[in-house]
Amino acid sequence: MSELNQGYWGSSEEFTNDEAFVNSLHNEFYELPILNKLSEEESEKSNGHKRRDFLKYLGFSIGAATIAASCETPIRKALPYVSKPDAIVPGVANYYASSFVKGNDVLPIVVKTREGRPIKIEGNTLSAFSGGGTSARAQASVLDLYDVGRYKSPGKNDGKGGLKKTKWEDLDKEIKTKLSAGGNIRIVSNTITSPSMNAVIQQFITAYPTAQHVTYDPYSSSAILQANEKSFGKRVFPGYDFSKAQIVVNFGADFLGTWVSPVEYTNSWSKTRKIKNFEKPELSRLIQYESNMSYTGSNADNRMLIRPSEQGLAIVKLYNAVAALTGAASLPVSGTLKNAKSEKSFQSVAKDLLANKNAGKASIVLSDSNNIAEQIIINKINDLLGNYGQTIDLNNYSNQRKGIDSDMVKLINEMKSGSVNTLIILGEANPVYDLPDGNEFAAGLKKVGLSVSLSTVPNETSAACTYVAPSNHYLESWGDIQPRKNSYYVVQPTISPLFKTRQAEQSLLAWANSPVDDFSTFIQNIWKNTLFSQQSEYSDFQSFWNNSLHNGLIELPSQSGSASVAVDIASYAAAVTKPGNGLEVKYYEPMGVGFGAYANNPWLQEMPDPVTRTVWTTVVHIPLKWDGDSEFEYYKNLKKDGLYVDFKLGKNTVKDIPIVRQFGQMSDTIAIPVGYGRTVGNPSALNVGNYVINTLVRDADGNVRYWNDNADITPNGDEDKHFASVQLHHTMGVRGKDKSNKVINVDEKAIMNLGNGYQGSLTNRSILKSADVSNFTEKLEELKEFRAEAAHLNSQNLYPGYDYLYKEGHHWGMSIDLNACTGCGACQVACISENNVPIVGKKEVHRQHEMTWLRIDRYYYGDVESPNVFYQPMMCQHCDNAPCENVCPVNATNHSAEGLNQMAYNRCVGTRYCANNCPFKVRRFNWADYTTADLFIRNESNPMPDGESLFYEENLTRLVLNPDVTVRSRGVIEKCSLCVQRIQEGKLRAKTEMRELKESDIKPACATACPAGAIKFGDQNMPEGTLKKEWNDPTTYFVLEELNVRGKIGYKMRVTNKNSELI
Amino acid sequence: MNCMHDINIRSLKSFVILLLTFFAISTVNAADLKNGQNLFKANCATCHNKNMVDKLTGPPMKTALEEWAAYPKKDLYDWIRNSQALISKGHPQAVKIWNEYKPVVMTPFPNLTDENIDDIIAYVEGVIDGSYPPKAAGAAPAAGTAKQEGSNNNWIYLGIFGLLAILALILAGIARNLKTIESEKEGKPVEKKSLLQLMTSKTVIGVVLFALIVLGSYTTVNNAIQLGRQQNYAPDQPIKFSHVTHAGINKIDCQFCHDGARRSKHSVIPSTNTCMSCHKAIKKGSEYGTQEITKIFASIGFDPNTDQYIENYDKLSQKEVAKIYKKWIRNQYLTQEGATMDAAGKEFVNNQWDHIVKSLTSEHKKKVQGPIEWIRVHNLPDHVYFNHSQHVTVGKVDCEACHGKVAEMETLRQYAPLSMGWCITCHRETKVQFNENPYYDSYVRYHQELKDGKRDKVTVADVGGIECQKCHY
């Protein structure tokens, strides 16, 4: 028996009845209040708070308040503009279309500015490419603008980690002199999607003919490029259209999370996951072959386990199965897969794919494999299935991956031989850190005469270069991007450069002595010569350009053409990877910090990884085995998350990586995220996690392999004392032991003993509802009955309620489609950005003090060996019958006539009764003055454990705060407000325009951020409104509806579309 | 009988027609003037005085109309639409005005139609002869009345308290006398306490202490609530800007300078270039001469000697800046009768410039150039969200309702307490533009109740205006 009868679980603690876990369920706040805690832990330390200190503070604050009261009115100044720009009205936000660019991550966006400073990123809804969605990374990018660690002026590295500042004119002179001295010049960058930047580089190469441009990508797709060159004669990365793919068979690619263009893919994939026909639901199917529980794998319908080294074998086997059904020649293959289920799965998958093809539908088979032979076979499978021209497009290709790994190997060799005189490193490229042979690169760099880094922030590579010519942040820059061949987006500056920086393009133009030295003119020239002629809407260029700036984009129509593999694949069958031995490790790019480039961003560091739910750390995923009852067998007997292991691979040892026990991790394999362990960067990046990239290897083609075999981990007896995983924080279920020490669901037990019909905690709780296409009708009926029963119970009420009030004006609500939601976390970061939610740091998260208003709960269900995953965005449900409101002694939280559960911070005295009484556990308490909002901050010692710095301490960082939302101080509770500031703004807009409110007037931050369009906000009182439609959907349910709390966030059931033959 | 009937009907008919005509005429007139007023405010009030008789940047409307009356009306239309064209054609009146007012050019208004201009003229004439705006019965401010009542109540309470106190004293006296009589009857020695003994008795001390504690706490709490409130706060500003001169005498509309009030949360302290739209022409003040207005010039970099904006003003040294404006102050000083650049004159110029520098610089701003550091008079706590446009544009609340008679304030003073109680009281009493604004159509029940006569008004509080998260988020 591999399936659990109780349905959903979040961690193995829930089966084993771990004591700490059970305790945490009973306590909303699992630790003592902060002063007690500090006095306990640090009483012996000199900087600890003691009772006498407390008295001192007390005396001081009373004294200070008295003095402050008797003092004169503090003088506050107001500085108007000297000449007010026409576009700016103080107090009113301006929006500019632009594009997010960081390394090879790009996305069309709209930037919200207040009084000229960017404070929020929104999606560009005009873009078909992104569908108006964003990613967590794009949302967080606005904070990078105000990063205190940024380069503030050009300079020369002094070799001791410092920068000797210079003037731009002097720097230009020195660099130009050295450039014109001759010798080989190399420009290194990640993939550049900007046509104008490419033109700038071309111009530079024309000026210095010895220059060459070398492109690489940290998470490389060079095998796909090379395979496409061999298969079709085109070295391009294909454009994928998931919206037309009925079946996706995926070998390891994390296309929903981090792989190449996740927002584009999530947007198109989620279109196929929304149920429109409730009689006979039509959903696409995602079949994932992988060893670790990847983020995309967690969203798969069927997850098949294969070892990382078995991927080649599996691809050939799938090919043979498809070939057998289509009559194509089969490939020689030997060996079987370790996992028996996976071994016999290929016939069923092939049958599925072919049936789909014969029904006239398309599919996608893809892999992130960096092995050329494997990618060629994948191409052939897609060819056999007729996917080229339907779901895979080589005409309107993607520009987002162009790097060839072997070019980098060549460059390193050149550098080491001393034949490179000048090296220019563009943008976010950080080869010293993110190449497996980064130390070789660093060694080569020492032999290069002139090395210039154009990075915005200090990184391992820029610190090793002789000169730093810092580029602007993208919000200070001009530019353009062309992520797909026919889609062009503008990057326009929304603020003047904060520091003495100059954008990279401008620097290159200056060094190349370009006749056009202004980059914005340069772009306009490029657009005039290339794009303007391709459209017919505008007759003069200026109006074309103005309109492009306004909309931020030009998306030209495209025709996708079919293609067929023009190479005999038989020769490649032997070149696929051979199964490896021993413990195998899969490296993956984490959602937050990426390949290290985002490690500077505390918003992303504190965004829990969707699967492991850890923050601020590298983790080793280790497999676990279940005996079918209540015992688990953990790899190497590692019984607790956060225990340290030493990771050994060949000669390399990485010490002290904490582990997580991961469901769905194949036995004898582990997984490790890259991107941590930065040694140069701001405080958010330093000393966070472990550096593992040096344990990666390249294959014979020079391509980086993102897995390894013969690895080893050894527990070293130590553990991470501040291991921060939010998985067990704020859990909602009620469980406990019965007399025989068995875990039971307390609610179920109560029903058995006391009979049905009681309200509150004595009924079976409805938090998660899921179904499969196969039992959809049945589950729908079940849900209908359940809701009818709940409605009946809830109607047995003595109190008249306030419905007459809610029917007037507005009655807000929300709908979240759990089937479209993939759990990416964009909404969470958008919420942090919009609502000034504090970042608290690793140690505070460890103490369950994280402040996020919106969390994404992750549950497992189904097969324990390879479970399905359920993501549930959870925030304040704005209950119309809210338990938190009744218990507040000072009425700081109460209900509005529009149905909002209001929180008045200045009234809150911090009893935390509300948080204890909230069944959804969504209320957060400000344990410390995280945002430094208090008046007397400088008179207190730092409240953070071990003197960690507060993230909003610097004035520069505080520029990102939203001026329309109060910055909360210590001692108050806060929670989701449904973006009340946006509601008020939208209402005001309607009122000033003397019209009725439209739905488009109000969109909360989470709803606008979602790349899947899963979150919808609306007014229940709007007759033909979205909310009416969404809530009438038979799959909609309300969490804990039976408690009669009358929450207003409707959730739509999660439905899988499993291939039953694969179970 | 029949005849009578007929006559009656006829006279009724004519009466009705008469009535209708009257209404028609009066409504047409009213609309014209109203429109004229709006157009005047939007287009003309910047340069022409609202009282129509005094000079501002442009000539007073009264004289202008009198003078233009001698020419065909079309000439005036042309003048308003493009004055420069008319001047170059050599129109005598146009040339006359130009000679008087140059180099100030009248802004051309090519978009105004003949009807628009007629409306404006009608409005101007209405203001001149005092027939517009029509006198409405003065609505007494509600808040004022409430206050009156409150103080009345206090007197009543005080009176009752006094009466009771006297009563208590009398009763105590009677009781004591009775006790004495009783004691005398029983033959006990009469214990007569001295006043000191009485005053130091436990009961009296206890009562007094109790009263002190109650009173003390009451005052403390009441005063603590007042902490941080700044009613009547009137700080000295870097520029002795007089609302009396601007809003009072010259009747400049509040929202001409505070242009954020209609569209933003902030009413906005006007930027220096807003000042310049008038002060390019008015370079000396009625009260302080060059002293205050030169501050505007020195902030933005306008050279009053040449009537030009200074190129790269930001980069000039403090010495160079001083040179420009001292020259201006000196020249203006010399225009006074009998003034020469003697020691007194030099001292005058230097003192005035030093004062200007002091006003325009601070600890954080070392340069004269750049924004003027006004002192905020109205301060709300950070946790309060207030939006001007909500009140001004949507609620149609007069500026004076919260800011008092600013037009009479030489130095701006905070009129209202800006306390939460003050906000809430107003929200409870003020009617929203319920029938006028289609936004409120979704309040179906209220509309029905209004129609049925069950309700006579919808206040801000009725539409949720006193809920926490209308102002705190």
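This is a predicted model: local features need pLDDT of at least 70, side-chain atom pairs count only at pLDDT 80 or more; totals for chains, interfaces and linings use all residues.
Visitor: Which residues of α13(A) are buried?

Guide: They are A:S345, A:F346, A:V349, A:A350, A:D352, A:L353 and A:K357.

Visitor: What makes these buried residues of α13(A) line one face of the helix?

Guide: Viewed down the axis of α13(A), the buried residues fall within an arc of 160°, and therefore they line one face of the helix.

Visitor: How do you know that the span of helix α13 of chain A agrees with its 14 residues?

Guide: At 1.5 Å a residue, the 14 residues of α13 (residues 345-358) should span 20 Å. The end C-alpha atoms of the helix are 20 Å apart, so the two values agree. Just after α13(A), A:G360 adopts a positive phi of about 85°.

Visitor: Why is A:V960 called buried?

Guide: The cut-off for a buried residue is 20 or more other C-beta atoms within 10 Å. A:V960 has 20 other C-beta atoms within 10 Å, and is therefore buried. A:V960 is placed in the loop between α30 (955-958) and β41 (973-974) of chain A.

Visitor: Which residues does A:V960 touch, not counting residues up to four places away in sequence?

Guide: With those sequence neighbours left aside, A:V960 touches A:I119, A:V142, A:L143 and A:Y146. As for A:G159, which is 801 residues from A:V960 along the chain, the C-alpha atoms of the two are separated by 33 Å.

Visitor: Why is strand β8 of chain A described as largely enclosed by the rest of the structure?

Guide: Five of the six residues of β8 (residues 184-189) are buried, so the strand is largely enclosed by the rest of the structure.

Visitor: How do you know that β8(A) pairs with strand β9 of chain A?

Guide: Pairing requires at least two bridges between the strands. β8(A) and β9 (residues 211-215) have five bridges, in the parallel sense, and A:I185 stands opposite A:A211 in β9(A). Five bridges also join β8(A) to β16 (residues 420-425) of chain A, and these strands run parallel. In that pair, A:I185 stands opposite A:T422 in β16(A).

Visitor: What joins β2(A) to strand β3 of chain B?

Guide: Two bridges join β2(A) to β3 (residues 374-375) of chain B, and the strands run antiparallel. The threshold for pairing is at least two bridges, and two bridges meet it. A:K77 stands opposite B:I375 in β3(B).

Visitor: How many residues does the contact take from each chain?

Guide: The contact draws 43 residues from chain A and 47 residues from chain B. On the side of chain A that touches chain B, the elements giving two or more residues are β2 (77-78) and α31 (980-992) of chain A. The largest share of that side, six residues, comes from α31(A). By type, the residues of that side divide into 20 nonpolar, 14 polar and nine charged.

Visitor: What confidence does the predictor assign to the complex and to chain B?

Guide: The complex receives an ipTM of 0.86 and a pTM of 0.84. Chain B averages a pLDDT of 84, with 89% of the residues scoring at least 70. Over residues 1-30 of chain B, pLDDT stays under 50, and the model has zero contacts beyond four places in sequence for them.

Technical notes
Residues are numbered from 1 along each chain as its sequence is written. Chains are lettered from A and ligands numbered from 1 in the order in which they are written. Two residues are in contact if their C-beta atoms, placed from the backbone, lie within 7 Å. Helices (H or I, at least four residues) and strands (E, at least two) are DSSP runs, numbered from the N terminus. Ala, Val, Leu, Ile, Met, Phe, Trp, Tyr, Cys and Pro count as nonpolar, Asp, Glu, Lys and Arg as charged, and the others, Gly among them, as polar. pLDDT is the predictor's confidence in each residue, from 0 to 100. A residue is buried if 20 or more other C-beta atoms lie within 10 Å of its own, exposed if 12 or fewer, and partly exposed in between; C-beta atoms are placed from the backbone. The expected span of a helix is 1.5 Å times one less than its number of residues. The arc is that of the directions from the helix axis to the C-beta atoms.
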